[in-house]
Every structure is written in C-alpha cells, then in structure tokens.
Amino acid sequence: MSDIELAQWLYEGALALSEGRREEARRLLMQVIERDEQNEQAWLWLSGAVEDPADQQIALENVLAINPNNAAALAGLEWLREHGQHTAATTPQDRSGPWVPPPPYDENEVIEIMCWQCQATLYSVAPFCWQCNAPVHSCNNCAFRDDPRCKPLQGLTNPLAWAAVNECPWWRPVPLR
C-alpha cells in the first residue's frame, strides 16, 4: 500500500462526502483508517460521513487523540455538545461516583449487533467483523462506550485504544435497535 493510494482514497472520500455520497465516503475513508489509524484527516472527514452523533463524537475524539490542537475537531465536539447531539448512552442519569461493575455477563449469550466501524450486522460472539475485520470485543461496541469511568480501570485512556481488542470483564455488546 503506497502513500499515493492512501492519499487518493482520502481525496476521493472527501470529494464523495462533499458531493453527498456518504456511503461511498465512509467506505473510502475507512479504507484509509484501516491502513493508517493515525490519519488525522481521514478521521476528521469520517466524522462528517457518519450519521450517528455517537460515531461522529468517536471520530472527532480520535482526531484529538492524534492532534489535541485540531481546531475543527474541537469545534465539532463543541457543536455536538451545544446542540444536544448525544445518544442516550452519552447522557446517562448518573455518572457521579466510582464505577460500579455490572453483574456477570453470560458470554454464551448471542446478541445481534452492528459493527462500530462499518455498520455491518454481526454477532456479539464473533471475534472480528466479517466485513471490515474490526474487533468486536472493544469499547466501541460496548454499551458503556460513552461512560469514561470504566476505561482508566482497564488502562484504556486513549480513544484509539477503545477500537482495539480488549479483555474488559465489563464489556457488554450494544444490541441492534
């Protein structure tokens, strides 16, 4: 994979988004990110290509993990906060106090979920997404994704780490709605 090919995908993804072809933009930008997780511009453009505010927030947080001074990402997160663009999981009733682990999870229970990266339908027991190879057992597919209290206890303080496979005992898959 050459830098020229990545740059071409990035350009084509940004162009597709600019022309309103969101699905194509998502696909192209995810190809860039799959090969270069540190591509600040791909994450930034992806934040505009995804529709779910929680996914937009994740993409913008990934930009800031790469470059904490990215003005566009900071402005985007501020806009999401100001306009109440949060999913129910981002505004739980009570986040004060220490993390209280949920009851044990039956790992044999199979739940149909959506891949956080490509939105493919898959099952909670799969190790990786069949379409994009994203790890299933990761913070980004967890019901507690937007609750920051559990992550430091597992050493997952960087949003990029949330996209990786983890062995968190509190992981709970987010079922399809």
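1. Basis. The model is predicted: local features need pLDDT of at least 70 and side-chain atom pairs count only at pLDDT 80 or more, while totals for chains, interfaces and linings use all residues. Residues are numbered from 1 along each chain as its sequence is written, and side-chain values use heavy atoms, with hydrogens and water left out.

2. Span of α5. Helices are DSSP runs of H or I with at least four residues, numbered from the N terminus. Helix α5 covers residues 71-82, 12 residues, and its first and last C-alpha atoms lie 16 Å apart, close to the 16 Å expected at 1.5 Å a residue. The expected span is 1.5 Å times one less than the number of residues.

3. Faces of α5. Ala73, Gly76, Leu77 and Leu80 are the buried residues of α5. They lie on the same side of the helix because they cover an arc of only 95° around the axis, the arc being that of the directions from the helix axis to the C-beta atoms. Ala71 and Glu82, on the other side, are exposed. Buried means under 20% relative accessible area and exposed over 50%, with partly exposed in between (1.4 Å probe, protein chains only).

4. Surroundings of α5. Its buried residues pack against α3 (40-49) and α4 (53-66). At the start of α5, a side-chain oxygen of Asn70 comes within 3.0 Å of the backbone nitrogen of Ala72.

5. Helix α2. Residues 22-35 form α2, with 14 residues and a reach of 20 Å from first C-alpha to last, close to the 20 Å expected. Its buried residues include Ala25, Arg26, Leu28 and Met30. Among the elements covering the buried residues of α2 are α1 (3-18) and α3.

6. Cavities. The whole structure contains 2 cavities of 30 Å³ or more. A cavity is a set of points on a 1 Å grid over the protein atoms alone where a 1.4 Å probe fits but cannot get out; lining residues have an atom within 4 Å of a point.

7. Asn62. This residue sits in α4 and counts as buried because its relative accessibility is 1%. Beyond its neighbours within four places in sequence, Asn62 is in contact (heavy atoms within 4.5 Å) with Trp43, Pro159 and Leu160.

Key
Helices (H or I, at least four residues) and strands (E, at least two) are DSSP runs, numbered from the N terminus. A polar contact is a pair of N or O atoms within 3.5 Å; within protein, one must be able to donate a hydrogen and the other to accept it, and residues adjacent in sequence count only if both atoms are side-chain atoms. On a 1 Å grid over the protein atoms alone, a cavity is a set of points where a 1.4 Å probe fits but cannot get out, and a pocket is an open set with protein on both sides within 12 Å along at least five of seven lines; lining residues have an atom within 4 Å of a point. Grid points are joined across faces, edges and corners, and a volume is the space filled by probe spheres set on the points.
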